[in-house]
Amino acid sequence: MNLDGRVAVVTGGSRGIGRGIVEALLADGANVVISGRSEAKGKEALDELAAGDRAQFVPGDVRLQSDVEGLIDTAVAHYGRVDILVNNAGGSDGFALIHELTDEAWTNALNWNINAVFWATRRAVPSMLARGWGRIINISSVEGKQGNKAAVSHYITNKHALNGFTKATAFEYGTSGITCNAICPGAIETDMMKDAGPAAAASAGITYAEFLQTYANDAAIKRLNTVEEVAAMARLLVSDAGAGITGALLNVDGGTAAW
């Protein structure tokens with residue numbers, strides 16, 4: 001997977017799934033710009049990656065349009081282009097059943113999962129069009145293909161919408177050398193899962209351990225997925241070998257989703 005000279009932007013790339021993809025892209029030769037809300041975690045990530053000028057960190061919150069657009073602009077200013085966009089950052093909070101879900105939690109999820117992806121994609125596509133080559137990966141979820149967890153309707157709704165946006169993007173730019181795909185991971189115990197999972201579990205009336213076990217039980221492999229498994233799919237999608245894959249909603253969920 002030769003990505004020498006390619007420039008990638010990965011939102012939420014300092015930890016978790018994003019970090020795994022960053023490491024894969026760097027290993028294949030790409031320059032990578034990562035974002036995150038914590039400058040301390042970003043600096044720590046750069047130190048651990050030890051990639052020199054091939055990796056840059058831009059602090060920001062993807063729920064803010066100015067931060068998202070500034071991230072893309074910074075990548076173009078530093079490296080002259082954006083070839084690969086991985087819309088990885090996402091999540092939700094304020095977990096509750098629909099009749100108790102607040103406007104704040106609903107709107108926050110929209111900005112976190114959908115609006116951020118739209119802002120980043122809209123800003124990055126012109127750079128891809130100028131070169132007739134681009135790869136966009138949206139990190140969706142197994143929850144974008146089902147709706148069987150309580151108290152996370154905002155997250156489920158957003159991931160379904162993200163899958164639709166993925167297909168729309170693929171259709172619009174399919175003849176321009178740009179692909180757009182969604183990876184739908186199963187549960188992975190990332191830092192974000194450890195932060196948000198207990199509250200989601202409590203809202204559903206179960207323990208965090210039981211919450212994780214429900215995902216393992218639903219999977220054919222009877223375990224959670226790993227960051228490395230998602231990164232392996234991303235490597236294929238951004239490569240020249242993946243040029244014929246677009247508009248796909250690709251499961252890395254251990255056989256959980258029905259389709």
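The entries follow by topic.

**Basis.** I am working with a predicted model, in which local features need pLDDT of at least 70 and side-chain atom pairs count only at pLDDT 80 or more, while totals for chains, interfaces and linings use all residues. Residues are numbered from 1 along each chain as its sequence is written, and side-chain values use heavy atoms, with hydrogens and water left out.

**Aromatic pairs.** I searched the whole structure and got two aromatic pairs. Rings of Phe, Tyr and Trp (its six-membered ring) pair if their centres lie within 6.5 Å; planes under 30 degrees apart are stacked, over 60 edge-to-face, and the rest tilted.

I noted Phe 118 with Phe 165 as edge-to-face, at 6.4 Å centre to centre and 80° between the planes. Phe 118 is in helix α4 (residues 103-131) and Phe 165 in helix α5 (residues 153-173), so this pair ties together parts 47 residues apart in sequence. Helices (H or I, at least four residues) and strands (E, at least two) are DSSP runs, numbered from the N terminus. I looked up accessibility next: Phe 118 is partly exposed at 33%, and Phe 165 is partly exposed at 24%. Here buried means under 20% relative accessible area, exposed over 50%, and partly exposed in between (1.4 Å probe, protein chains only).

Phe 211 and Tyr 215 are also edge-to-face, with 5.4 Å centre to centre and 80° between the planes. Both lie in helix α7 (residues 208-218), four residues apart, about one turn of the helix. I found Phe 211 and Tyr 215 both buried.

**Charges over rings.** I counted a charge as over a ring if NZ of Lys or CZ of Arg is within 6 Å of the ring centre and within 35 degrees of the ring normal. Lys 149 lies over the face of Tyr 215, 4.6 Å from the ring centre. Arg 6 lies over the face of Trp 133, at 3.6 Å from the ring centre.

**Helix packing.** I read an angle of about 35° between helix α1 (residues 16-27) and helix α2 (residues 39-49), with the axes 12 Å apart. Axes are lines fitted to C-alpha atoms, for helices over the stretch in contact, and angles run from 0 to 180 degrees between N-to-C directions. Arg 19, Val 22, Glu 23 and Leu 26 of α1 meet Ala 45, Glu 48 and Leu 49 of α2, contact meaning heavy atoms within 4.5 Å.

**Loop residue.** Asn 88 sits in the loop between β4 (84-87) and α4. Asn 88 is buried, with a relative accessible area of 13%. Leaving out residues up to four places away in sequence, I listed its contacts as Val 10, Thr 11, Gly 12, Ile 17, Gly 18 and Ile 139.
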